[in-house]
Amino acid sequence: MSTEAAAPLPDRAGIVIAGGGHNGLVAAAYLARAGRDVLLLEASGALGGAAVSSSPWPGVDVRLSRYSYLVSLFPRWIAADLGVELELVRRRVPAYTPVGDGGVFGVPGSPFADAVARLAPAVFASLTEPLRSEADLRALAGDDATWDALVRRPLGATLRAAHAGDDVGLGIVATDALIGTFTSIDDPARLANRCFLYHVIGGGTGDWDVPVGGMGAVTGALAGAARAAGARLVTGARVTAVASDADGVAVTVTDPATGAARSVAADRLLANLAPHVLDRLRGRPAAAPAPEGAQLKVNLLLARLPRLRDPAVDPADAFAGTFHVNESASQLDAAYAQAAAGRIPDVVPCEIYCHSLSDPTILGPDLRAAGAHTLTCFALHLPARLFTADPEGAREATLAATLASLDSVLAEPITDCVLRGPDGAPCVEARSPVDLERDLGLPGGHIFHRDLQWPFAETEAEVGTWGVETDDPRILLCGAGARRGGGVSGIPGHNAAMAVLGRTG
Ligand SMILES: Cc1cc2nc3c(=O)[nH]c(=O)nc-3n(C[C@H](O)[C@H](O)[C@H](O)COP(=O)(O)OP(=O)(O)OC[C@H]3O[C@@H](n4cnc5c(N)ncnc54)[C@H](O)[C@@H]3O)c2cc1C
């Protein structure tokens, strides 16, 4: 996370970028390097959006990836284009799942998974090219049967057939289709298919790696690249309205120096904002129902890793990869049904991993020497609707339910391992969808700005575009809400910059 000193706002700029998440920074860096006059306006006091590092606990020397934590979808060549070093480490262990008093390492394979892995490189490469029709992308993928299973039929039938009789294995695989998405793998809308697709094609392999130094190291480097290329990055500058006409775009922004509303004129606006937010700022009715996130993010700092119920398994192995907690297929189904009915699931499915096992640089030297570790926990199937009536109470209740779920697979309560800060408070932080909406502007706390979109054109008119266009040629999306957005990828930022520069692939 980098903090900018308040810089005076100019009256006009060639391109205004609203939002300083990692995608806004990628767009700013590409456009500034191409000689464009770029002004980026970020509402909060820091750049990076959902890809930041910070310590939520005063006086505790740790730099947590506070929201997003693993990188898969960021093409290495985008980093190279921008002169940014993207240092990622592979986790020693891909996954561990406690089962009863034992557990299983790894993710179960299947012929379907092998087939998906074969088409992943072509689909991943297409994400940074102008949009193809579905028929063209299907042909490029080169395997109609796998494409149809991945795209055209609800994923549930395929995964259930591939993992028949293996409730735990099916659940482990299904989490790729559900994380950050409130749905079931059997839903005919195939939202789970889209979520799955983006989780298994990153880098052409679907590997999820640890950013060395945390997410803040990634966005800090991107901000440095944008600034070095001449982009002006201003924090504390909330965009409150957007209007456009034949002369250009008028952006109303809160001036960080005075707190007063100011107008900045631009030829173009790139919105690193969710489409829902952009519609509101343009004073237009929302084009789609409000997005709804469905997770609780919990960050913990531990004095030591907890003991497992299987004493033969070293916690340093089990927590190095994704540690699946109560994520069997039947548990996921039950949690979804209960949450859809408006209540906190009896058993909250969640997944955990320990960043500091792969990358101890995020801990200060004393914590490192003392054997402290971070734990990141992502709890599924906790939709925003559970939090709106009583955000504080629901946060506490879902945190308690999530920690109880974790305790159910450990040999000791997790709270026995939690460190306390200098103020005596336990180092545990929970962030609900309501918190994410307030702190990051994510509508409904949706971690991808809105439901993930298919990676191909859905209308004839969209073919050949970059998937970032709106109904106004002066206004483009450059964030996760674009087609082929979502995740820490830089892809919509790149694609918006290519659209501005008139590149055709
Ligand atoms: C808890 C959590 C865990 C996640 N885990 C992962 C993960 O492990 N790996 C992964 O790949 N992805 C993960 N994601 C998703 C990923 O973080 C996002 O999809 C990605 O960060 C989106 O980047 P962005 O730049 O498009 O937008 P954002 O990161 O959302 O940035 C948008 C920026 O716009 C600013 N803004 C909002 N409104 C205004 C306004 N009116 N004026 C000015 N600025 C404004 C915000 O403050 C913010 O800085 C996670 C997300 C969350 C929330």
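**Helix packing in a predicted model**

Reader: How are helix 7 and helix 8 oriented to each other?

Author: In this predicted model, helix 7 and helix 8 are roughly perpendicular to each other. The axis of helix 7 (residues 167-178) crosses that of helix 8 (residues 191-200) at roughly 100°, and the two axes come within 6 Å. That angle counts as roughly perpendicular because the class covers 65 to 115 degrees.

Reader: Which residues make that contact?

Author: Helix 7 contributes V173, D176, A177 and L178, while helix 8 contributes A192, C195, F196, H199 and V200.

Reader: And what is the make-up by class?

Author: The contact of helix 7 with helix 8 has 7 nonpolar residues, 1 polar and 1 charged.

Reader: Turning to helix 4 and helix 5, at what angle do they pack, and how far apart are their axes?

Author: Helix 4 (residues 134-141) packs against helix 5 (residues 144-152) at about 130°, and their axes are 9 Å apart. The two helices are therefore oblique to each other.

Reader: Is the crossing left-handed or right-handed?

Author: The crossing of helix 4 past helix 5 is right-handed.

Reader: Which residues meet there?

Author: From helix 4, E134, L137, R138 and A141 meet D144, W147, D148, V151 and R152 of helix 5. By class, this contact has 4 nonpolar and 5 charged residues, with no polar ones.

Reader: Which domain does UniProt record, and where?

Author: An unreviewed UniProt entry places the feature "domain: Amine oxidase" at residues 24-282.

Reader: What is the helix and strand content of residues 24-282?

Author: The span is 39% helix and 19% strand, and its end C-alpha atoms lie 19 Å apart.

Note on methods. Residues numbered from 1 in each chain as written. Predicted model: local features only at pLDDT ≥ 70, side-chain atom pairs only at ≥ 80, totals over all residues. Heavy atoms only, no water. Axes fitted to C-alpha atoms, helices over the stretch in contact; angles between N-to-C directions. Helix = DSSP H or I, 4+ residues; strand = E, 2+ residues; numbered from the N terminus. Parallel < 35°, antiparallel > 145°, perpendicular 65-115°, else oblique. Left-handed = near helix turned anticlockwise from the far one by under 90°. Contact = heavy atoms within 4.5 Å. Nonpolar A, V, L, I, M, F, W, Y, C, P; charged D, E, K, R; others polar. UniProt positions renumbered as here; feature names shortened; annotations may be inferred.
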